[in-house]
Amino acid sequence: MRARRLEEAVFKGLMLASLGLVLLVLVAIIMVVVVRGASSLSLSMIFQTPKGGYYLGKEGGIANAIVGSLYLAIGGSTLAILLSLPTALALQREYTGRRVATVTRLCLDALWGIPSIVYGAFGFVVMRYFGLSASLLAGILVLSLVMLPIMARAMEEAVRMVPLQLKEISYATGATRLETTMAVVLKQALPGMITAAVLAFGRGIGDAASILFTAGYTDYIPRSLLDPAASLPLAVFFQLGTPYPEVQRRAYAAALILLIIVLLASLAARLLGLRFSKHIIK
Amino acid sequence: MPHISLRGLNIYYGRHNALRDVTVDIPDARITAIIGPSGCGKTTLLKSLNRLVELNEEVKVEGEVLIDGQNIYDPQADVLALRKKVGFLSQKPYPLPMSIYDNIAYGPRIHRMKQPQILQQIEDLRESPDLAQLAPEIARVGIRSKKSDAMDLLVECYLRMAGLWQEVKDRLDDPAAGLSVGQQQRLALARALAVEPEAILADEPTSALDPISAQLIEQQFEFLKEKYTIVVVTHILRQARRIADYVLFLYLGELVEHGPAEEVFSSPRDERTRAYVAGDFS
Amino acid sequence: MRWRRIKDSAATKSMRLALALVNSLLVLLVLGLFAKSRPILARVSILDLLLSSSWHPLRGEFGFFPFIVGTLAVTAMAMILAIPVCLLSAIYLSEYAHRRLRELVRPVIDLLAGIPSVIYGFWGVIVVVPLVRALGHAVGSPTTGYSLLSGGVILAIMVFPIIISVSTDVLQSVPAEATETSLALGATRWETVKHVVLRGALRGLMAAIVLGFARAFGETMAVLMVVGNVPKVPTSLFDPAYPLPALIANNYGEMMSIPLYDSALMLAALVLLVVVAGFNLGAHLVLLRVERRY
């Protein structure tokens, strides 16, 4: 009898240790980034671009990366929304049969798991094919591909949760599918949609492998779609390994800012979802 | 034989007082039926007898349930031993995801019942004069040589007691999920008996069964009451009339009346009991 | 009236178009990468490419074996570290924790999932690599810390969220009657988990692990930053390794200048795509069936 209880106690201990480890690791990661980054963060860091060559230059900040990342992520999100929204709506039973819907969902699941380096490689191939060089535009296009599965999946869940009865009420008055979708489905699913977009934004802004080939890197803030664009993840990646402490500091600052943006996006996704739910019917 | 008493038992689901001040003694070696309309606390009362009611996170229990003079809700009490002493049959039988043999062997294995203990258990059964009449087939279970697996004998013994042996003896290794609902309930009975309880709790044990299986279960209970204290929750008045020796009438969480079956059915003292027993409401 | 119908059909058509695009994306990816891989496949057979250890692009030799082993090794290391931690955590969350604790932990795990891989790499360089270096020196290995072990540790942490969250869901979908039946017989919660819950959830748990495996297999940046990137088959935990995604990421700059290099790297990307998508699809199909049962 005691042996049974002992066994349970031992495993319970292991379970708590495991859970604790997971939580501890999260705390450790955030702490290291904050501690290293906070000392490197300053107004000039945020608002200046690097001067004198990004591997050697000792002055300047990471404004190029901050602005570049924002351009890339916002551009990518916009494109992704343009494709995800109709896809999510089209997966409703009144538009597509069950088999097509299942196939689509499986495709999205498969796309979701594809490593972003593969998207990057593919994007590179397409880029070369059209004679584009590494640029903001190419980065936005590839990033939108990476964000698409994340966004479409989350939006589709939001649409799926709209209760059938609500739609039936609309159809019963003789509304077309489009009218029902606009008046009922979109309004009900709005919080979920916003959450989906912000979530994908958060994932997209942190992605490095896809834009490695396609967006390039530069010390300057891009002024046109064809200019190359720096990004926060690549700023960390390139500048971490240098022997110059001033340049390394830029990497720390970039890491902290990236983390802050991602955490804010996570928080915003949750809060916006809650805020916009006051219009929906439960 | 346990002496089961309830003293001032109050059970709360969150704020809702589901059972109010229940005080009663459950007679030994009898079939006690708990009757009353749905939602009035019958299952709660039953499940409080083996502390299964605690599986719900929001539950609060006040008062005492005494078995063999010990309050089972005492913090020092051994829940595992309690549940071995008090067996449980749920409304919809749930076969464990293993073979028929393993289902029956599950309890004994969990409680680390050793070979000599098992053999002793079977010997005791054989020697009990009541049971010789109960399941004459038990007498046919011979204690073979020491080499044979005591567990095999135990499984056979209890399957016989539950009236299932003939139907499954050739497919003991088949998954239990393949049995019909009526067979699964008899399996559940055998499984509960295999840990040598002193009482059996049954929550609407026949409501999911066809009439023939239901009759078989009722028959088994009639036999088993010689050796075990049986408490049955039922909303079928006719069933209670058929099998109960003692009756508890619960209405809206209150134990309105209790007594020997003939008294409660033919000359109830409370108006509510009279109305229910007459079929005025159900 | 007609105007409403026209709008409706226009909208429907554009939705169907979006759907078609999304469904064809996977195919496009495969075709595009395959087209770019043809040159090298025409020159060298796929078997030679996959099994040869000689990686000398300048000489036209593209043996992928060290990278395949590197990827498998670092992923296996990650799974060995992650599976026990994740399963134990998921069991606790699903079988022992109060609802409130579960609700508290969920967003925390989602947070972990949202952290960009460069930040994991960053943390790996600053924290894990020195630790591994110290550990290696303590056991007599002259390692820089940039090694298989570091890669495995970082990858393990990165797959915690997906394995834990899918496993918790799967465990919670085991019917409550199973737990109740076992407990009613006098089993402890742990015995119930061991003999009943895990048996019922087995397929779903394996799917969760496969999803984690696929995620680790394709992870690029974080591993790249800590794993050493030496194109040789690693023989010890403290040796550097060179996984396939890192290979692609490190060499995109040079690949245009050396003949067939770009084709080789595109082939590597194609292999990644096929393996990861295959595992993902398989796992999701299993999970679909698990959900339908319950």
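How far apart do the closest C-alpha atoms of chain A and chain B lie? In this predicted model, they are 8 Å apart, and no contact joins chain A and chain B. For contacts involving chain A, then, chain C is the place to look. Two pairs of chains touch, and the pair with the most contacts is A and C.

Here 66 residues of chain A are in contact with 66 residues of chain C. On chain A's side, the elements that each supply at least two residues are α1, α3 (63–90), α4 (98–113), α5 (116–129), α8 (177–205), α9 (209–214), α10 (232–240) and α11 (245–275). Top of that list is α1(A), which gives the most, with 20 residues. As for what this side of chain A is made of, the residues that touch chain C split into 47 nonpolar, nine polar and 10 charged.

One piece of the picture pairs α1 of chain A, residues 2–40, with α8 of chain C, residues 189–218. The axes of these two helices are 8 Å apart, and the helices pack at an angle of about 80 degrees. Since angles of 65 to 115 degrees count as roughly perpendicular, that is how α1(A) sits relative to α8(C). Up close, α1(A) brings R4(A), E7(A), E8(A) and F11(A) to the meeting, while α8(C) brings R189(C), W190(C) and E191(C). For the whole side of chain A that touches chain C, by contrast, the charged count is 10 and the nonpolar count is 47.

Note on methods:
Residues are numbered from 1 along each chain as its sequence is written. Chains are lettered from A and ligands numbered from 1 in the order in which they are written. This is a predicted model: local features need pLDDT of at least 70, side-chain atom pairs count only at pLDDT 80 or more; totals for chains, interfaces and linings use all residues. Axes are lines fitted to C-alpha atoms, for helices over the stretch in contact, and angles run from 0 to 180 degrees between N-to-C directions. Helices (H or I, at least four residues) and strands (E, at least two) are DSSP runs, numbered from the N terminus. Angles under 35 degrees count as roughly parallel, over 145 as roughly antiparallel, 65 to 115 as roughly perpendicular and the rest as oblique. Two residues are in contact if their C-beta atoms, placed from the backbone, lie within 7 Å. Ala, Val, Leu, Ile, Met, Phe, Trp, Tyr, Cys and Pro count as nonpolar, Asp, Glu, Lys and Arg as charged, and the others, Gly among them, as polar.
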